[in-house]
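Dear colleague,

Please find below the structure that I am handing over to you, together with its sequence. My notes on it follow.

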Amino acid sequence: MSSLPISHNNCDLEPIHIPGKIQPHGFLIIVDHNGLLQFISDNAKVFASKNNDTFLLGKSIADIENIFVINLPAGYFSALILNSKSENFDDINPVKIKLDEHDMHVILSASSNYYLLEFEPMVSTQYASINKRLSSAIPQMLAEKNLIKLLENTATEVRNIIGYDRVMIYRFEKSGHGEVIAEVKNDDLEPFLGLHYPATDIPKQARDLYKISLTRLINDVDAIAADLITYKNLATQLDLSFSQLRAVSPIHIQYLKNMGVASSFSVSILYNDELWGLIACHNYTPKFIDFELREVAKLVGQVLSAAITFRQEEADQQQSHGFHINFDKLSKYLQGDNSIEDALTKRLENIMQVVNASGAVLCFENKLVTLGNTPTDAEIHNLIKWLSEENKHGHFYSSSLPAEYPAGEVFKNVGAGILSITLSKELNEYVIWFKPEILHEIIWAGNPTKTLTVSGNNVLTLAPRLSFAAWAEQVSGTSESWTIDEIKSALRLKDEILSTLHVKASATRLLNERLKQAYEELDTFSFTVSHDLKTPITAIKAYSQLLELESDIASDSKMILQRIGNRADKMNLMINAVLEYSRISRHPFQYNYINTEIIIKEIIEDLSHVFNACNVKIKIGETPALQGDPVMLWQVFHNLIGNAVKYSQNSNSPLVQIEGKISGTQVLYTIKDNGIGIAENDLDNIFLLFSRMENVKDIEGTGIGLAIVKKIMQKHNARIWAESELGKGSTFFLTFNRK
């Protein structure tokens with residue numbers, strides 16, 4: 001049985017950088033930092049007739065140079081290695097030598113505590129003509145604006161350089177799988193263009209090697225790898241990551257054989273130091289490319305990498321610039337508007353313009369505001385609940401939401417991808433952007449699932465695919481990916497919104513403090529002025545009455561004096577009302593149990609004498625008890641019942657109805673009459689100081705009673721509102737909290 005669970009990720013565990021072998025088209029010697037030979041490939045004798053490989057172990061590089069090199073000064077490699085101040089030999093590679101009259105390249109590299117000297121045949125003689133052609137081809141490559149055309153031209157140039165049967169441009173997706181997006185080939189070969197290959201075909205550790213070793217040649221898939229010879233007490237786990245001759249994974253060799261490929265060559269394409277893709281080359285007979293030719297192909301790959309980087313950065317800059325412009329406008333709106341909601345959603349530049357999205361929602365202050373194409377409100381609320389429970393960070397993004405949030409399957413047509421920022425997790429306040437599902441078909445080069453085989457010792461192992469016939473897969477539930485610029489733009493917006501909320505909260509606190517101080521000063525002022533006015537008004541009333549007693553005062557003058565006295569009485573009444581209104585703020589407040597039925601009956605008895613309205617029928621329903629200030633609540637019911645009687649006493653069959661009901665944690669009282677009513681456009685003003693409607697001018701009143709009622713209700717954390725219709729009466733509603 002296998003000691004490891006079998007999965008397609010097992011390929012990632014294969015130690016391809018330490019194979020302990022090399023490809024046999026060249027040979028390898030390895031020396032330590034003292035210049036002593038510690039490793040040698042067992043095929044070295046094939047290339048140097050004087051070589052006795054085992055005998056050479058432990059010898060100085062200076063002692064063995066004459067065995068391998070016949071046309072360089074003595075001590076040449078010793079000087080290069082021992083005097084080297086860096087481990088980068090790019091400037092001197094390759095060193096050209098003759099070995100047994102054969103032209104050879106020596107490629108130097110470093111690996112941990114060792115230096116590698118790789119000996120390969122030198123076969124090319126047309127470097128000058130190739131370089132001349134490239135000198136004109138490269139500027140044309142860089143000038144090409146169309147990406148696909150650029151890739152096709154690159155593939156053509158590489159094929160002209162190395163002469164392979166097929167040259168492809170292979171791009172990696174974020175998931176690790178790849179697609180052939182450009183191809184040039186022999187006419188008799190079936191096309192691979194558009195085919196996808198699973199990530200396991202080029203596992204992670206292979207992709208990592210492609211980032212540090214930019215070319216990779218497999219000369220002949222049928223060649224028998226040469227072993228490295230070393231002392232028995234030396235570790236054999238030698239890192240050959242930078243080796244040109246490094247042996248090939250047996251799984252990959254079988255993979256190429258299954259494809260019918262005899263030789264392969266690749267050049268890495270990098271973007272921001274990450275592997276963007278490969279120039280992947282296949283030949284259907286063994287084919288060796290010497291080091292200089294491989295370096296020319298690598299140069300083409302580097303030019304392509306630079307061109308892709310430039311184009312991508314240019315596109316990213318344009319997108320980022322657009323996001324920045326819209327963000328700056330939103331920032332100004334946030335600073336200038338009193339409403340966060342209006343600033344983010346009501347203008348032409350809104351939250352939709354800071355990313356590329358097809359829909360967006362602002363969930364703020366218990367309200368949803370949607371823009372563009374979005375899920376339903378119920379679906380959004382459920383999504384927010386999931387984000388609040390599952391997302392531990394201040395933002396979340398996915399281009400395949402149904403895979404992470406199964407309930408998202410029902411709205412994947414508008415929201416297969418989401419990007420969210422959290423404004424307040426406790427208050428469930430979010431901004432969420434949506435991208436729709438993109439249905440597409442992936443054509444794989446064969447079924448992407450690798451097969452399991454059982455080796456002779458009954459160990460399960462992974463084997464590469466045997467068939468590469470096109471295999472179609474329908475992909476759903478995914479959207480276009482969110483770019484780094486989109487995520488950054490969303491996070492900038494989050495910071496700006498939170499900063500604005502902080503500033504507005506601070507401004508509101510300051511304003512509340514100023515209002516509190518102003519109200520206190522106004523109460524003091526109104527109390528003082530009202531109190532001081534009572535004395536001169538009382539004097540005016542007294543003087544007018546004294547003048548009326550004079551016998552020689554004409555009747556017209558007496559009438560004027562009476563009017564002065566009446567006006568003084570009315571002014572005194574209004575001053576008392578203002579004093580009462582200002583006294584509410586200073587009145588000590590204490591909750592007490594109140595028998596509402598007793599209060600209401602006492603008020604009705606008093607009012608029957610005040611208004612002499614025996615014709616008014618008053619109907620009392622349930623009167624549940626309340627908790628509050630007895631004096632203040634007496635004023636509330638006295639004002640409202642008094643108004644109901646006063647404004648309905650002249651109606652036909654005047655009726656006032658008073659009733660209370662308990663509803664959950666609240667008590668609701670209604671006081672209803674069938675009197676003169678209130679116009680609809682006046683309902684918003686009835687609780688303002690000195691506010692009197694047009695239809696009550698002939699009825700006595702100060703216009704301050706309902707303002708007092710409103711203030712008392714607010715002090716009790718209670719609510720009051722009215723519904724009315726002219727000529728049909730009014731209903732006042734009062735809700736009190738139950739303690």
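I begin with the aromatic residues: ring pairs link Trp-386, Phe-396 and Tyr-405 into a cluster. Rings of Phe, Tyr and Trp (its six-membered ring) are taken to pair if their centres lie within 6.5 Å, and planes under 30 degrees apart count as stacked, over 60 as edge-to-face and the rest as tilted.

Before I continue, please note that this is a predicted model, in which local features need pLDDT of at least 70 and side-chain atom pairs count only at pLDDT 80 or more, while totals for chains, interfaces and linings use all residues. Residues are numbered from 1 along each chain as its sequence is written, and side-chain values use heavy atoms, with hydrogens and water left out.

The structure holds ten aromatic pairs. One of them joins Tyr-76 and Phe-77 in an edge-to-face arrangement, 5.4 Å centre to centre and with 80° between the planes. Tyr-76 is partly exposed at a relative accessible area of 29%, whereas Phe-77 is buried at 2%. Here buried means under 20% relative accessible area, exposed over 50%, and partly exposed in between (1.4 Å probe, protein chains only). Phe-89 and Tyr-115 also form an edge-to-face pair, with 6.0 Å between centres and 80° between planes. Phe-89 lies in the loop between α4 and β4 and Tyr-115 in strand β6 (residues 114-121), so this pair ties together parts that are 26 residues apart in sequence. Phe-89 is buried at 5% relative accessibility, and Tyr-115 is buried at 7%.

Two charged side chains lie over tryptophan rings. Lys-435 is placed over the face of Trp-482, at 4.3 Å from the ring centre, and Arg-719 over the face of Trp-721, at 4.3 Å from the ring centre. The criterion is that NZ of Lys or CZ of Arg is within 6 Å of the ring centre and within 35 degrees of the ring normal.

As to the backbone, most residues other than glycine have a negative phi, and most peptide bonds are trans. A cis peptide bond, with omega of about -5°, joins Asn-93 and Pro-94; Pro-94 belongs to the loop between α4 (76-82) and β4 (95-99). Asn-366, which is not a glycine, has a positive phi of about 60°. Asn-366 sits in the loop between β14 (359-364) and β15 (367-372) and is exposed, at 77% relative accessible area. Asn-717 likewise has a positive phi, near 55°. Asn-717 is in the loop between α18 (705-715) and β28 (719-725) and is exposed at 57%.

Turning to helix packing, the axes of α6 (residues 147-162) and α9 (residues 291-336) come within 9 Å and cross at roughly 175°. The two helices are therefore roughly antiparallel (over 145 degrees). Axes are lines fitted to C-alpha atoms, for helices over the stretch in contact, and angles run from 0 to 180 degrees between N-to-C directions. Among the residues in contact (heavy atoms within 4.5 Å) are Leu-147, Thr-154 and Ile-162 of α6 and Leu-293, Val-300 and Arg-311 of α9. By class, this contact has 13 nonpolar, one polar and one charged residues.

Finally, the chain comprises 18 helices and 29 strands, taken as DSSP runs (H or I, at least four residues; E, at least two) numbered from the N terminus. Of its 739 residues, 47% count as buried.

Yours sincerely

Key:
Parallel < 35°, antiparallel > 145°, perpendicular 65-115°, else oblique. Nonpolar A, V, L, I, M, F, W, Y, C, P; charged D, E, K, R; others polar.
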